[in-house]
Amino acid sequence: MMKTCQTLIAELQELKTDLCGRDFLLTWEKTDAEIHALLLVAECLAELHRARQPFRVFDSGLAVSIFRDKSTRTRFSFASAVNALGLGLAELDEEKSQLAHGETVRETANMISFLTEVIGIRDDMYLGEGNAYMREVGQAVQEGFERGVLHQRPTVVNLQCDVDHPTQALADLLHLKRHFGSLAALKGRKLAMTWAYSP
């Protein structure tokens, strides 16, 4: 197990990436090297989990989830991930917050960001709205950080929006990598992606 992780880490160190502190809103906004790096980290974390080895990165801090649509797999995957990394999870229920009474996204985003490392958002109900909302949250916390309201800026992660589901896309890509043996083995292959509305 450790040899596998050491190999993955060595491969990761060879890549030129700039992911730290950057939002992950759309898969196609990342470079091939960044996508490869994310897969390597996922593989190493999976190896550590299989070996029952802890991989806590944080001693304290918060992850905030905002699910504006129903979710099972993504909600529990996010909760499991932040817990394994050492963060506490807080779910923002907009109906129970001041957003329901007119508080702005800017105000709410900054308020929930104190001691927060990551904000995961799922907003996929209406075309043209979900990704725009995530970007508005990202801009709000960036402004809060630049103005000194926040001492650190949390990263915003797309847990599915109206145009992309990056975490699912990466999970699918990792499965294909494992099935075919490498990312290089995917080159030139044709993949059929199907999707259907859920009732």
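**Figure 1. Pairing of strands S1 and S2.** Ala-63 stands opposite Leu-89 in S2. Strand S2 covers residues 88–91 and runs parallel to S1, to which 4 bridges join it. Two strands are taken as paired if DSSP finds at least two bridges between them. Helices (H or I, at least four residues) and strands (E, at least two) are DSSP runs, numbered from the N terminus. Together with helix H3 (residues 73–84), S1 and S2 make a right-handed β-α-β unit. A crossover is called right-handed if, with the strands pointing away from the viewer, the path from the first strand over the helix to the second runs clockwise. The model shown is predicted: local features need pLDDT of at least 70, side-chain atom pairs count only at pLDDT 80 or more, and totals for chains, interfaces and linings use all residues. Residues are numbered from 1 along each chain as its sequence is written, and side-chain values use heavy atoms, with hydrogens and water left out.

**Figure 2. Strands S3 and S4 with helix H5.** S3 and S4 run parallel and are joined by 5 bridges. Within this pairing, Ile-119 stands opposite Val-156 in S4. A right-handed β-α-β unit is formed by S3, H5 and S4. Because 7 of the 7 residues of S4 are buried, this strand is largely enclosed by the rest of the structure. Buried means under 20% relative accessible area, exposed over 50%, and partly exposed in between (1.4 Å probe, protein chains only).

Figure 3. Leu-159 lies in strand S4 and counts as buried, at 3% relative accessibility. Phe-78 is 81 residues away along the chain, yet the C-alpha atoms of Leu-159 and Phe-78 are separated by 8.3 Å. Beyond neighbours within four places in sequence, Leu-159 is in contact (heavy atoms within 4.5 Å) with residues including Phe-67, Thr-74, Phe-78, Ile-121 and His-165.

**Figure 4. The largest nonpolar core.** This core has 18 residues, of which Val-64, Ile-66, Ile-119, Ile-121, Tyr-133 and Val-137 touch the most other members. At least two core residues come from each of strand S1 (62–67), helix H4 (105–111), strand S3 (116–123), helix H5 (130–146) and strand S4 (155–161). H5 supplies the largest share, 5 residues. A nonpolar core is a set of buried Ala, Val, Leu, Ile, Met, Phe, Trp, Tyr and Cys residues joined through side-chain atoms within 4.5 Å. Apart from neighbours within four places in sequence, the contacts of Ile-66 include Leu-92, Ile-112, Ile-119, Ile-121 and Tyr-133.

**Figure 5. Two residues with positive phi.** Most residues other than glycine have a negative phi. Arg-52, although not a glycine, has a positive phi of about 60 degrees. Arg-52 is found in the loop between H2 and S1 and, at 71% relative accessibility, counts as exposed. Leu-115 also has a positive phi, near 65 degrees. The loop between H4 and S3 holds Leu-115, which counts as exposed at 58% relative accessibility.

**Figure 6. The second largest pocket.** About 200 Å³ of space lies in this pocket. Its lining consists of Asp-32, Ile-35, His-36, Leu-173, Leu-183, Ala-184, Leu-186 and Lys-187. Helix H2 (residues 32–50) gives the most to the lining, with 3 residues. On a 1 Å grid over the protein atoms alone, a pocket is an open set of points where a 1.4 Å probe fits, with protein on both sides within 12 Å along at least five of seven lines; lining residues have an atom within 4 Å of a point. Grid points are joined across faces, edges and corners, and a volume is the space filled by probe spheres set on the points.
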